[in-house]
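Subject: Structure for you to look at

Hello,

Here is the structure I said I would pass on. Please open it next to this message; my notes follow below it.

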Amino acid sequence: MEKITNRFSNFLELIFPTLCVTCGNRLVIQERFLCIDCWLDLPVSNFHLHSGNKVEQLFWGRVKIEFATAYFSFNKGSNYQHLIHFIKYKGMKELGFETGRRFGISLLESKDFCSVDYIVPVPLHPKKEKEGIQPK
Ligand SMILES: [Zn+2]
């Protein structure tokens, strides 16, 4: 039965290939969501390695925080905008988990972040949330 399922799955993959959400290239079997080239080219910020980084500065004088960072730089119109949109507006939770897992691994390099108890994401603006998220 498993062979039949795998064959059917392979057949479906031929007709409906799984594509990288960032560049649109076809994914190979071990890849999920993004191709290896896009994961490697992700414009990581490394802000977690620098106190007083640009993200922390956004909170200065507004909210008392210990540290702030961003996994990667968001450039409107870049291919990586798709990654954010798939997570935020298309409810692609597994892509969010995978991105978060990779971010978590990078945070272990930081003396500030390696011992934190919680990481709190910046939430969507309520107006954006009403506009974009559709239940799956
Ligand atoms: Zn790609």
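The largest nonpolar core consists of 9 residues: Cys20, Val21, Phe33, Leu34, Cys35, Cys38, Tyr80, Leu83 and Ile87. Helix 4 supplies the largest share of this core, with 3 residues. Both domain 1 (1-33) and domain 2 (42-132) contribute residues to the core, so the core lies between the two domains. Please keep in mind that this is a predicted model.

Helix 4

Helix 4 covers residues 80-88, and its residues Tyr80, Leu83 and Ile87 are buried. Viewed down the helix axis, the buried residues fall within an arc of 40 degrees, so they line one face of helix 4. The general rule behind such a pattern is that an α-helix has 3.6 residues a turn, so residues three or four places apart point the same way. Part of what covers the buried residues of helix 4 is helix 5 (93-107).

Tyr80 is one of the core residues. Leaving aside residues up to four places away in sequence, Tyr80 touches Thr22, Leu42, Pro43 and Phe72.

The two domains

The protein chain is split into domain 1, residues 1-33, and domain 2, residues 42-132. Their C-alpha centres are 29 Å apart. Where they meet, 5 residues of domain 1 are in contact with 7 residues of domain 2. On the domain 1 side, the touching residues comprise 3 nonpolar, 1 polar and 1 charged.

Which residues have a positive phi without being glycine? Phe33 is one of them, with phi at about 70 degrees, and Asn46 is another, with phi near 60 degrees.

Phe33 sits in the loop between helix 1 (2-15) and helix 2 (36-41), and belongs to the nonpolar core described above. Phe33 counts as buried because it has 21 C-beta neighbours inside 10 Å, and the cut-off for buried is 20 or more.

Asn46 is in the loop between helix 2 and helix 3 (54-59). Is Asn46 buried, partly exposed or exposed? Asn46 has 15 C-beta neighbours inside 10 Å and therefore counts as partly exposed; a residue would need 12 or fewer to be called exposed.

Regards

Note on methods: Residues numbered from 1 in each chain as written. Predicted model: local features only at pLDDT ≥ 70, side-chain atom pairs only at ≥ 80, totals over all residues. Helix = DSSP H or I, 4+ residues; strand = E, 2+ residues; numbered from the N terminus. Arc of directions from axis to C-beta. Contact = placed C-beta atoms within 7 Å. Domains from an automatic or database assignment. Nonpolar A, V, L, I, M, F, W, Y, C, P; charged D, E, K, R; others polar. Core = buried A, V, L, I, M, F, W, Y, C linked by C-beta atoms within 7 Å.
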